[in-house]
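Open the model in your viewer and keep the selection tool ready.

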Amino acid sequence: MKSRLIYLLIILIILIIIAYSLGTYCVIPARSQTVTNMCIIVREIKTYHRKYNQLPLSLNDIALENCCRKDYYGKNIIYKIHDNRIYLISYGKDGKKGGSNDCKDIVCYWYPMLEEKLSPYFLNEIELKKLGDY
């Protein structure tokens, strides 16, 4: 009887540890975290654009926490302005243009003159090829 009670107590402790671990451990996929950070950056750029009627020259001009300036892999998200469009670029895990899986590029663009109320747009592989040098 006593050994059975100890056995049940050990099982209960193990289950509590497992339940706690599952409840506090959350994995966010790399692409999702990077896209989320890019959307936060676009939101802040929109705020800056409404306030000053121009695009910021760099990400340093807008209020962002450091974690939002980086992609999932800790690399800075690249900010470019071309033809009054902003481009936010992550070259993925390897930090090089092109690639697949975790090394796949994520390119977001937003055109404030036409799309003030629209969300940023993420380019697919075909659109990236048409874009050329980004």
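Select Tyr-48 and Tyr-52 in helix α2 (residues 30-52): they sit four residues apart there, so about one helical turn separates them. Helices here are DSSP runs (H or I, at least four residues), just as strands are (E, at least two), numbered from the N terminus. This is a predicted model, in which local features need pLDDT of at least 70 and side-chain atom pairs count only at pLDDT 80 or more, while totals for chains, interfaces and linings use all residues. Residues are numbered from 1 along each chain as its sequence is written, and side-chain values use heavy atoms, leaving out hydrogens and water.

Now colour by accessibility. Is Tyr-48 buried or exposed? Tyr-48 is buried, at 14% relative accessibility. Tyr-52 is partly exposed, at 44%. (Buried means under 20% relative accessible area, exposed over 50%, partly exposed in between, with a 1.4 Å probe and protein chains only.)

Next, select Tyr-72 and Tyr-73. Their ring centres lie 5.2 Å apart and their planes meet at 85 degrees, so this pair is edge-to-face. (Rings of Phe, Tyr and Trp, its six-membered ring, pair if their centres lie within 6.5 Å; planes under 30 degrees apart are stacked, over 60 edge-to-face, the rest tilted.) Tyr-72 is partly exposed at 41%, and Tyr-73 is partly exposed at 26%.

How many aromatic pairs does the whole structure hold? A search finds three. Among them is the tilted pair of Tyr-48 and Tyr-52, 4.6 Å centre to centre with 50 degrees between the planes.

Last stop: cysteines. Select Cys-68, which is buried at 10%. Then pick Cys-103, partly exposed at 22%. The structure holds zero disulfides (pairs of cysteine sulfur atoms within 2.5 Å).
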